[in-house]
Amino acid sequence: MNASANGRDPRENPWGEGHEIAPRRVSFDWRETPLHWIPDEPTATHVINVLHLLLPAGERWFVKVFKEALPLVDDPVLLKDVKGFMGQEATHSVQHAYVLNHLAEQRLDTGPYTRHVDYLFEILLGERPPFGVPWPQREWLRFRLAIVAAIEQFTAVLGDWVLSADALDRAGADEVMLDLLRWHGAEEVEHRSVAFDMYQHCGGPDPVRYARRLETMAVTAPVMLWLWGWGAAYLIRHDPQLAGRPRYSLREHNRAVAKGLLPTWRELGSAVPRYFRRSYHPSQEGSLRRAVDYLATSPAARAAAGAVGRAALG
Ligand SMILES: [Fe+2]
Ligand SMILES: [Fe+2]
């Protein structure tokens, strides 16, 4: 399949074409990171912490689904991007899982929540349709590829947001956590088109392919919102430093949004109608330049590149 059939037009996105996607073997030292890594902002801290609950299982699942679909890829350019994407997502998954260990060390056990997330990705969205539903294997794979593309729409939006969320720096957010979020966010912007291109390539003919893109986003957006609210409520309820304090509330959430510590509802919500446009392509999302600039200065990414050790930065 050629580049235009994938929806990639180098004239529209000179930055996207030819930009190599490759994992950076980063590591983070969590020993100094406090539980409330945005000081005095438990709601913003835990709303962002939901990423650590969802991503280890979610991104591991992306890699599995893509591995299943690899034999369907006959475009060498896409294949290269897909392999880079898989390497990046596998690394993200592992690094977020380390944060869960760090939360557990601070007496915040996330197991009862993440077990549900594991069930969602491993059983409900596993290799075979759940409950013996007689869905042809090829269709089931296409459906899951479309779900990955829909989720990646939000990871690109969140990635771009965190790269420019200066309020987090002003609020004194922990530098290691900010680096994790921005390294990850930058790689999300870097590979923002890959899951979409993969879906377009493997998703069969239109109009069914386009209809499936709409349907899966219509399911993915509310499920993600629900998982997020549930996750934030879980973390706040089980936070040992908040014993007896108020639970997760929309009012506190919106207060953090007003301070610029969380993305606005409009930033998140507008990603959906954009994705619904027939001519849509994620190369329009965010700023690849900002992402690449961040990766050039990220302590973890630089250490991974061997440019400079962390000790030298301190
Ligand atoms: Fe990721
Ligand atoms: Fe991603």
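How do the axes of H1 and H4 cross, and within what distance do they come? In this predicted model, the two axes come within 10 Å and cross at roughly 135°. That angle makes H1 oblique to H4.

## H1 against H4

The crossing of these two helices is left-handed. On the H1 side, the contact is made by Gly58, Phe62, Val65, Glu68 and Ala69, and on the H4 side by Leu141, Arg144, Leu145, Val148 and Ile151. Sorted by class, the residues of this contact are 7 nonpolar, 1 polar and 2 charged.

## H1 against H3

H1 also packs against helix H3, which covers residues 111-124; their axes come within 9 Å and cross at roughly 20°. H1 is therefore roughly parallel to H3, since angles under 35 degrees count as roughly parallel. H1 passes H3 in a right-handed crossing.

From H1, the residues that meet H3 are Leu53, Leu54, Ala57, Gly58 and Trp61. Their counterparts in H3 are Tyr113, Thr114, Val117, Asp118 and Phe121. This contact of H1 with H3 divides into 7 nonpolar, 2 polar and 1 charged residues. Gly58 of H1 is listed in the contact with H3 and also in the contact with H4.

## H4 against H7

Helix H4 (residues 137-164) has a further partner in helix H7 (residues 194-202), with axes that come within 8 Å and cross at roughly 155°. H4 is therefore roughly antiparallel to H7, since angles over 145 degrees fall in that class. H4 passes H7 in a left-handed crossing.

H4 contributes Arg142, Leu145, Ala146, Val148, Ala149 and Glu152 to the contact, while H7 contributes Ala195, Phe196, Met198, Tyr199 and Cys202. These residues divide into 9 nonpolar, no polar and 2 charged. Leu145 and Val148 of H4 take part here and also in the contact with H1.

## The nonpolar core

The largest nonpolar core holds 71 residues, of which Val82, Leu145, Val148, Ala149, Met198 and Tyr199 touch the most other members. Helix H1 (residues 42-69) supplies the largest share of this core, 14 residues. In soluble globular proteins, nonpolar side chains tend to be buried together.

Which residues does leucine 145 contact, leaving aside its neighbours within four places in sequence? They are Val65, Ala69, Met198, Tyr199, Cys202 and Gly203. Of these, Val65 and Ala69 belong to the H1 side of the contact with H4, and Met198, Tyr199 and Cys202 belong to the H7 side of the contact with H4.

## Loops and backbone geometry

Most residues other than glycine have a negative phi, and most peptide bonds are trans. Proline 207 lies in the loop between H7 and helix H8 (208-238).

Arginine 107 counts as exposed because it has 11 C-beta neighbours inside 10 Å, and 12 or fewer is the cut-off. Phenylalanine 131 is exposed, with 7 other C-beta atoms within 10 Å.

Valine 133 is found in the loop between H3 and H4 as well. With 8 C-beta neighbours inside 10 Å, valine 133 counts as exposed. Its C-alpha atom is 16 Å from that of phenylalanine 121, a residue 12 places away in sequence.

Is leucine 288 buried or exposed? Leucine 288, in helix H12 (residues 288-297), is buried because 20 other C-beta atoms lie within 10 Å, and 20 or more is the requirement. The C-alpha atoms of leucine 288 and valine 189 are separated by 6.1 Å, although the two residues are 99 apart along the chain.

Valine 94 is in helix H2. With 16 other C-beta atoms within 10 Å, valine 94 is partly exposed. Valine 94 and aspartate 179 are 85 residues apart along the chain, and their C-alpha atoms are separated by 15 Å.

Technical notes: Residues are numbered from 1 along each chain as its sequence is written. Chains are lettered from A and ligands numbered from 1 in the order in which they are written. This is a predicted model: local features need pLDDT of at least 70, side-chain atom pairs count only at pLDDT 80 or more; totals for chains, interfaces and linings use all residues. A nonpolar core is a set of buried Ala, Val, Leu, Ile, Met, Phe, Trp, Tyr and Cys residues joined through C-beta atoms within 7 Å. Helices (H or I, at least four residues) and strands (E, at least two) are DSSP runs, numbered from the N terminus. Two residues are in contact if their C-beta atoms, placed from the backbone, lie within 7 Å. Axes are lines fitted to C-alpha atoms, for helices over the stretch in contact, and angles run from 0 to 180 degrees between N-to-C directions. Angles under 35 degrees count as roughly parallel, over 145 as roughly antiparallel, 65 to 115 as roughly perpendicular and the rest as oblique. A crossing is left-handed if the near helix is turned anticlockwise from the far one by less than a right angle, and right-handed if clockwise. Ala, Val, Leu, Ile, Met, Phe, Trp, Tyr, Cys and Pro count as nonpolar, Asp, Glu, Lys and Arg as charged, and the others, Gly among them, as polar.
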